[in-house]
Amino acid sequence: MELYIVLALLVLGYVAGTYRERRHYRSILRREQELVNVPVSSMKTVPFDEDRIERAELIQGSVVVGTDYFKRIAASLRNLFGGNIRVYESLIDRARREAVLRLKESAGDADIVVCLRIETSTIGAGSKNKYACVEAFAYGTAITLKGQCA
């Protein structure tokens with residue numbers, strides 16, 4: 001009987017986690033399309049004369065994404081045999097893309113964001129209950145050019 005409960009919880013974790021992850025990816029794709037007109041670059045310098053710059057400001061976007069129960073179990077099983085832990089790859093991808101989207105949303109009417117940097121860290125991985133989540137923090141410089149606004 002206990003085995004059925006464990007299996008039911010695994011299936012429930014897999015279905016709920018997959019649903020939420022797909023929903024988050026749909027949201028990311030929709031918002032990336034909406035914000036495609038805000039170019040973001042990791043270059044350290046701006047590709048135009050400095051006297052064209054009207055305003056430059058530091059902007060940031062951050063997110064914390066938690067793992068679901070199924071991913072934790074799947075990652076634990078993968079650790080037994082080694083290799084890529086693909087269930088965590090999508091977690092990192094979602095966190096980094098979401099942080100960049102939040103950075104773009106905070107850019108306002110900027111024409112370009114330069115010097116983009118993304119920092120990633122885990123939260124709670126070493127804690128007693130081993131509940132892990134990942135934080136992604138994106139920051140950069142939003143540049144507004146003179147005479148570019150509508």
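How do the residues of the lining of the largest pocket divide into nonpolar, polar and charged? They divide into 5 nonpolar, 5 polar and 8 charged, where Ala, Val, Leu, Ile, Met, Phe, Trp, Tyr, Cys and Pro count as nonpolar, Asp, Glu, Lys and Arg as charged, and the others, Gly among them, as polar. This is a predicted model, in which local features need pLDDT of at least 70, side-chain atom pairs count only at pLDDT 80 or more, and totals for chains, interfaces and linings use all residues. Residues are numbered from 1 along each chain as its sequence is written, and side-chain values use heavy atoms, with hydrogens and water left out.

**Pocket**
- The largest pocket is lined by 18 residues, and Gly17, Arg20, Glu21, Gly66 and Arg94 lie nearest its centre.
- Two or more lining residues come from each of helix 1 (2–34), strand 1 (53–66), helix 2 (69–81) and helix 3 (86–105); helices (H or I, at least four residues) and strands (E, at least two) are DSSP runs, numbered from the N terminus.
- Helix 1 gives the largest share of this lining, 7 residues.
- A pocket is an open set of points on a 1 Å grid over the protein atoms alone where a 1.4 Å probe fits, with protein on both sides within 12 Å along at least five of seven lines; lining residues have an atom within 4 Å of a point.

**Single residues**
- Leu7 is found in helix 1 and counts as partly exposed because its relative accessibility is 42%, between the limits for buried (under 20%) and exposed (over 50%), with a 1.4 Å probe and protein chains only.
- Gly108 sits in the loop between helix 3 and strand 2 (112–123) and is exposed, at 59% relative accessible area.
- The C-alpha atoms of Gly108 and Ala138 are separated by 16 Å, with the two residues 30 apart along the chain.
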